[in-house]
There are 2 protein chains.
Amino acid sequence: VDTLKRVLPTAGSPIGVFDSGVGGLTVHRALRRALPKEKLLYLGDTARVPYGNKSKATVTRYSLEIGRFLESKGIKLLVVACNSASALALPALKRGLSVPVVGVIGPAVRAARSASRSGRIGVIGTEATLKSGAYQKALAHGSEPVRVRAAACPLFVPLVEEGWWEGAVPEGAARKYLGPMKSAGIDSLILGCTHYPLLKPLLKKVLGPRVNLIDCGTETARETASVLTEHGLARRSGKGSETFYVTDAAERFSRSARRFLRRQVLSARVVRFGA
Amino acid sequence: VDTLKRVLPTAGSPIGVFDSGVGGLTVHRALRRALPKEKLLYLGDTARVPYGNKSKATVTRYSLEIGRFLESKGIKLLVVACNSASALALPALKRGLSVPVVGVIGPAVRAARSASRSGRIGVIGTEATLKSGAYQKALAHGSEPVRVRAAACPLFVPLVEEGWWEGAVPEGAARKYLGPMKSAGIDSLILGCTHYPLLKPLLKKVLGPRVNLIDCGTETARETASVLTEHGLARRSGKGSETFYVTDAAERFSRSARRFLRRQVLSARVVRFGA
């Protein structure tokens with residue numbers, strides 16, 4: 001009965017993408033590149049950023065609220081472009097929503113396992129993401145055993161937001177954070193935070209060309225494409241589009257967005273949720 | 001009539017101190033040092049940190065709520081150990097509370113004006129604090145004209161919280177942020193963020209020994225002492241004490257507190273406010 005009342009998504013329906021702020025735009029960019037015909041609805045929860053220092057119950061409540069809002073806009077699939085929400089709220093989102101839900105952790109972990117020859121895999125992220133153990137747990141599930149090195153890199157987000165993507169300061173920070181992993185001989189590194197892809201050239205320089213850098217955005221876009229195909233929901237023709245929603249400070253978002261997307265962003269619409 | 005119902009504060013009553021998180025502990029430390037006989041009640045609003053990206057209305061609401069809570073605990077004076085709250089909510093706090101209220105901006109500005117010989121004064125802080133214009137406005141009011149150079153230093157807070165107070169990374173960041181001020185010939189620099197006093201040795205190294213570093217905490221403690229004396233509320237005898245309240249994550253607070261106070265901290269009590 002319920003399905004009769006709802007307008008069922010079609011291939012022409014948009015994809016919903018959300019993050020606690022601007023970081024998820026690296027995932028948005030990867031989706032845009034991999035799926036140029038799709039319509040994307042991006043929501044940045046800028047009023048309640050960051051999620052990293054909030055409890056599982058709170059992050060789950062916020063995520064469900066956003067998921068339902070995007071469902072009300074007729075999305076056919078939800079991409080959780082936020083490591084904290086993927087780590088804490090993915091099962092609740094899958095239960096609570098009727099559209100398929102894709103998080104950033106699973107795709108990155110599968111890519112790292114398949115890229116690694118030595119089984120020595122590094123993962124970097126915020127303190128909250130690594131403390132949740134979500135990457136470590138997902139990496140432990142698999143046929144081949146792997147050895148995981150995790151390092152929280154709290155300075156990387158502010159460095160990215162400051163626009164300091166190369167030079168002595170970020171390089172010094174990267175050497176400090178990644179030195180032990182490099183010595184431990186990792187051959188693949190998961191960038192477990194949506195801000196980090198902007199530091200790729202720097203990380204490549206610090207780790208050397210033989211370490212695979214696994215970018216959540218690229219892998220999540222790949223997984224999104226295959227889930228859409230599987231459900232017969234991939235859009236085969238037409239021009240892609242994008243709409244941006246934020247929960248506060250739309251202007252500030254548009255300014256940062258330019259840095260993350262490397263192009264002009266149309267103004268974002270403000271949606272209000274409870275606190 | 002109202003004063004009859006309230007228990008009037010005496011010299012034996014405690015001083016209330018609040019900040020959005022742990023940063024205000026540098027002010028707490030300065031108060032402890034300047035006023036060893038006083039009882040201090042510190043509240044860190046860890047559930048709603050940071051204040052820097054919130055609107056004036058929201059920061060005012062939070063500040064009043066905390067001020068009233070501390071008044072209900074019988075404080076004789078309130079120290080606003082938070083630059084954002086001092087910039088946005090001081091007039092509302094002064095109107096809304098019955099105890100004297102001391103913010104961090106006024107004392108720092110007066111100290112800078114009296115320390116500067118050339119009238120070239122620098123001020124550093126978070127983007128939100130500098131954008132509020134509170135320091136710039138306060139520096140403009142005075143008998144002697146001054147030339148102000150302001151620089152937002154978004155990486156300093158995460159550097160302090162990461163414990164990177166010296167070495168190539170923070171030094172590189174400090175040179176980048178302060179280079180233009182140094183060239184402009186400032187002779188005094190206001191550290192307009194409660195985290196920054198922990199970077200003093202580094203800033204001294206970068207700016208040279210002839211630039212006065214104005215520490216909000218020290219100046220605010222000095223002002224607090226004179227306001228107490230003025231109101232006949234200074235505690236003349238007895239042993240000082242301290243009580244810590246937080247609005248979330250008490251353990252995490254106690255851990256960080258050790259870094260800010262350079263000593264063990266008794267466990268913090270959790271108080272809940274609305275969102």
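This is a predicted model: local features need pLDDT of at least 70, side-chain atom pairs count only at pLDDT 80 or more; totals for chains, interfaces and linings use all residues.
**Figure 1**

**Figure 2. Elements of chain B on the side that touches chain A.** Two helices of chain B, α8 (156-162) and α9 (168-183), each supply at least two residues of this side. α9(B) gives the most, with 5 residues. Sorted by class, the side of chain B that touches chain A has 11 nonpolar, 2 polar and 4 charged residues.

**Figure 3. Contact and buried area between chain B and chain A.** In contact across the interface are 17 residues of chain B and 18 residues of chain A. The two chains bury an area of about 1,600 Å² between them, and carbon and sulfur atoms give 63% of this area. Of the area that chain B buries against chain A, 32% is supplied by Leu155(B), Trp164(B) and Val169(B), more than by any other three residues.

**Figure 4. The fold of chain A.** Chain A has 12 helices and 10 strands. Its radius of gyration is 18 Å, close to the 19 Å given by the globule rule for 275 residues, so chain A is as compact as a globular protein of that length. The C-alpha trace of chain A spans about 60 × 45 × 40 Å along its principal axes.

**Figure 5. Burial and contacts within chain A.** Of the 275 residues in chain A, 55% are buried. Among contacts in chain A between residues at least 6 apart in sequence, 77% are between residues at least 24 apart.

Methods
Residues are numbered from 1 along each chain as its sequence is written. Chains are lettered from A and ligands numbered from 1 in the order in which they are written. Side-chain values use heavy atoms; hydrogens and water are left out. Contact means heavy atoms within 4.5 Å. Buried area is the accessible area (1.4 Å probe) that two parts lose on being put together, summed over both. Helices (H or I, at least four residues) and strands (E, at least two) are DSSP runs, numbered from the N terminus. Ala, Val, Leu, Ile, Met, Phe, Trp, Tyr, Cys and Pro count as nonpolar, Asp, Glu, Lys and Arg as charged, and the others, Gly among them, as polar. The radius of gyration is taken over C-alpha atoms; the globule rule is 2.2 Å times the number of residues to the power 0.38. Buried means under 20% relative accessible area, exposed over 50%, partly exposed in between (1.4 Å probe, protein chains only).
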